[in-house]
Amino acid sequence: MRETDLIDQRILAEMRTNARISHARLGEIVRLSRTAVRQRIGRLERDGLIRGYTLVESFSDPATRVRATLLVYRYDRMRGSDVVLALSSIPEVVRCDVVTGEYDLIVQVEAKDSERIRDVWQHVANLTGVRDITTVITLSTVIERSR
């Protein structure tokens, strides 16, 4: 893996803003050909700096979007990867962090309504390897930054 240069950093910054930006448009911005940009993006992917592209779904009415945080306790912290694997298959799970301290996992869930949050909670609670869950429902978001 080679070091990123200023052009790579600019490509990454532009792609953070719009992951669907065309190679031609990126080329205009960083003053390279479309082919050169495509090659750089390919290298950034191989080097692991770009690990994938994802869809961030916007619900039709943002006011009805419900967010919850599940604080998950596993039976076995060291061999509990089956829980993480199961969580990765739930579309409403938008983030999962392995953490230190009292909890094992912090799982962020977004759904169209509280009933779906409950369904996800039940599914996670019934996973083999989950000992307990503390759930926090978000009432409102006062600061949200995209990176």
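1. A salt bridge is a side-chain nitrogen of Lys or Arg within 4 Å of a carboxyl oxygen of Asp or Glu. The side chains of R67 and E110 meet that rule, at 3.1 Å from N to O. R67 lies in strand β1 and E110 in strand β3, so this pair ties together parts that are 43 residues apart in sequence. Helices (H or I, at least four residues) and strands (E, at least two) are DSSP runs, numbered from the N terminus.

2. The model is predicted: local features need pLDDT of at least 70, side-chain atom pairs count only at pLDDT 80 or more, and totals for chains, interfaces and linings use all residues. Residues are numbered from 1 along each chain as its sequence is written, and side-chain values use heavy atoms, with hydrogens and water left out.

3. Are the two partners of the R67 pair buried or exposed? R67 is buried, with a relative accessible area of 16%. E110 is buried too, at 17%. Buried means under 20% relative accessible area, exposed over 50%, and partly exposed in between (1.4 Å probe, protein chains only). Side chains of opposite charge can pair when their charged atoms come close.

4. Now the strand that holds E110. Strand β3 covers residues 105-111. Five of its seven residues are buried, which leaves β3 mostly covered. In a regular strand the side chains alternate between the two faces of the sheet.

5. β3 has two partners to describe. Two strands pair if DSSP finds at least two bridges between them. Strand β1 (residues 66-74) pairs with β3 in the antiparallel sense, over seven bridges. T69 stands opposite Q108 of β3. Strand β2 (residues 93-98) also runs antiparallel to β3, joined by five bridges. On that side V93 stands opposite V109, and C96 stands opposite V107.

6. The link between β2 and β3 deserves a look. Their hairpin has six residues between the strands. Within the hairpin, G101 takes a positive phi near 95 degrees.

7. Which residues of the largest nonpolar core touch the most other members? They are V72, L87, V107 and V124, in a core of 19 residues. The elements giving two or more residues to this core are β1, α4 (81-88), β3, α5 (114-125) and β4 (130-137). A nonpolar core is a set of buried Ala, Val, Leu, Ile, Met, Phe, Trp, Tyr and Cys residues joined through side-chain atoms within 4.5 Å. A second, separate core has 11 residues, including I29, V30, L44 and I50.

8. Leaving aside neighbours within four places in sequence, V107 is in contact with A68, T69, L70, V72, L87, V93, R95 and C96. Contact means heavy atoms within 4.5 Å.

9. How many salt bridges does the rule give? The count comes to 11. One of them joins the side chains of D5 and R40, at 3.0 Å from N to O. This pair links distant parts of the chain: D5 sits in the segment before α1 (6-17), R40 in helix α3 (residues 34-46), and they are 35 residues apart. D5 is partly exposed, with a relative accessible area of 25%. R40 counts as buried, at 15%. D5 and R40 also belong to a network of salt bridges that links them with D8, R43 and D47.

10. Another salt bridge joins D97 and R95, with the closest N and O atoms 2.8 Å apart. D97 is partly exposed, with a relative accessible area of 26%. R95 counts as partly exposed, at 45%.

11. Helix α3 can be checked for length. The expected span of a helix is 1.5 Å times one less than its number of residues. The 13 residues of α3 should therefore span 18 Å, and the end C-alpha atoms are 18 Å apart, which agrees. After α3 comes G48, with a positive phi near 85 degrees.

12. Which residues of α3 are buried? They are V37, R40, I41, G42, R43 and L44. What covers them includes α1 and α2 (23-30). An α-helix has 3.6 residues a turn, so residues three or four places apart point the same way.
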